[in-house]
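Hello,

Here is the structure I promised to pass on. My notes on one of its helices follow below.

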Amino acid sequence: MSFAVYEFPLNEKVRNYLRVEHLFNALHDPDKICKQHTEIQFFRDFFTLLDLIERIDLKTELLRDLNNYLLVLDAWLEFPDVDQDALNSTKNDVLDVLNRLKNTSRIGKELKADKFLTAIRQRFSIPGATCSFDLPKLHYWLSLEDDAKLADCQRWLNDLALLQDCVNVALSFIRNRKSLSEQNAPNGFYQGVADSKVELIRVEQTPNKGYYPTLSGNKYRYSIRFMRFTPDENQSSSMEETITFKMAGC
């Protein structure tokens with residue numbers, strides 16, 4: 001049986017990590033993009049990602065988190081009966097991305113020097129401004145063979161591969177802090193207290209039940225309310241039944 005997983009960050013750092021991951025997921029298969037002729041959407045997502053990483057200081061947050069994860073792994077290695085090989089393998093992965101991140105001056109710096117991206121990027125912030133008369137250079141690129149376009153897309157994504165690796169490692173550690181456990185929400189409402197280490201609330205439920213979770217809160221406490229799904233948002237209402245779901249405070 002498939003499940004729907006909702007993730008709710010409790011701080012701005014994890015919120016940014018999730019947004020970056022979401023955009024990378026949308027961009028992960030340039031070959032599929034070329035075959036489906038959705039290159040314009042590729043550029044929209046790509047430029048949104050660039051805007052995000054230029055606006056926030058991801059490098060500082062990632063360096064801090066990756067160093068903390070190394071300390072955690074070193075502490076775990078002191079415990080008896082742990083899988084030393086698995087922990088050392090994970091530690092090597094963290095060290096690899098950490099050292100690469102330390103040695104990079106600025107994430108995505110090379111992309112700023114790409115004249116083609118620079119020439120078309122500004123227009124994407126204007127509604128409807130991707131017509132051929134607005135961006136003839138882009139429309140010439142769209143007419144190229146798929147292999148040529150694929151090579152360009154992959155080259156642009158390769159310049160951000162380190163960021164993707166670092167965010168994947170950071171989110172993996174956060175998600176694995178705690179496993180999902182069954183909970184009940186009387187009248188569709190659940191309230192919890194978060195300690196200083198909880199940064200992400202994960203909610204798993206069976207899909208197509210006619211309701212979805214919403215979350216409000218901060219790093220100290222949070223509440224989950226299950227809402228009925230209706231096409232007309234003005235008719236949205238909270239559930240009155242007891243909802244059984246799985247949750248983890250990570």
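The axes of H5 and H10 cross at roughly 140° and come within 10 Å (lines fitted to C-alpha atoms, for helices over the stretch in contact, with angles from 0 to 180 degrees between N-to-C directions). H5 and H10 are therefore oblique to each other, a label for angles that are not under 35 degrees (roughly parallel), over 145 (roughly antiparallel) or 65 to 115 (roughly perpendicular). Thr90, Val94, Val97, Arg100 and Leu101 of H5 meet Leu162, Asp165, Cys166, Val169 and Phe173 of H10, where contact means heavy atoms within 4.5 Å. By class, this contact of H5 with H10 has seven nonpolar, one polar and two charged residues (Ala, Val, Leu, Ile, Met, Phe, Trp, Tyr, Cys and Pro count as nonpolar, Asp, Glu, Lys and Arg as charged, and the others, Gly among them, as polar).

A word on the source: this is a predicted model, in which local features need pLDDT of at least 70, side-chain atom pairs count only at pLDDT 80 or more, and totals for chains, interfaces and linings use all residues. Residues are numbered from 1 along each chain as its sequence is written, and side-chain values use heavy atoms, with hydrogens and water left out.

H1 also packs on H10, at an angle of about 125° with the axes 10 Å apart. That makes H1 oblique to H10. Among the H1 residues that meet H10 are Val14, Tyr17 and Phe24. The contact of H1 with H10 divides into 10 nonpolar, two polar and two charged residues.

Best wishes

Conventions:
Helix = DSSP H or I, 4+ residues; strand = E, 2+ residues; numbered from the N terminus.
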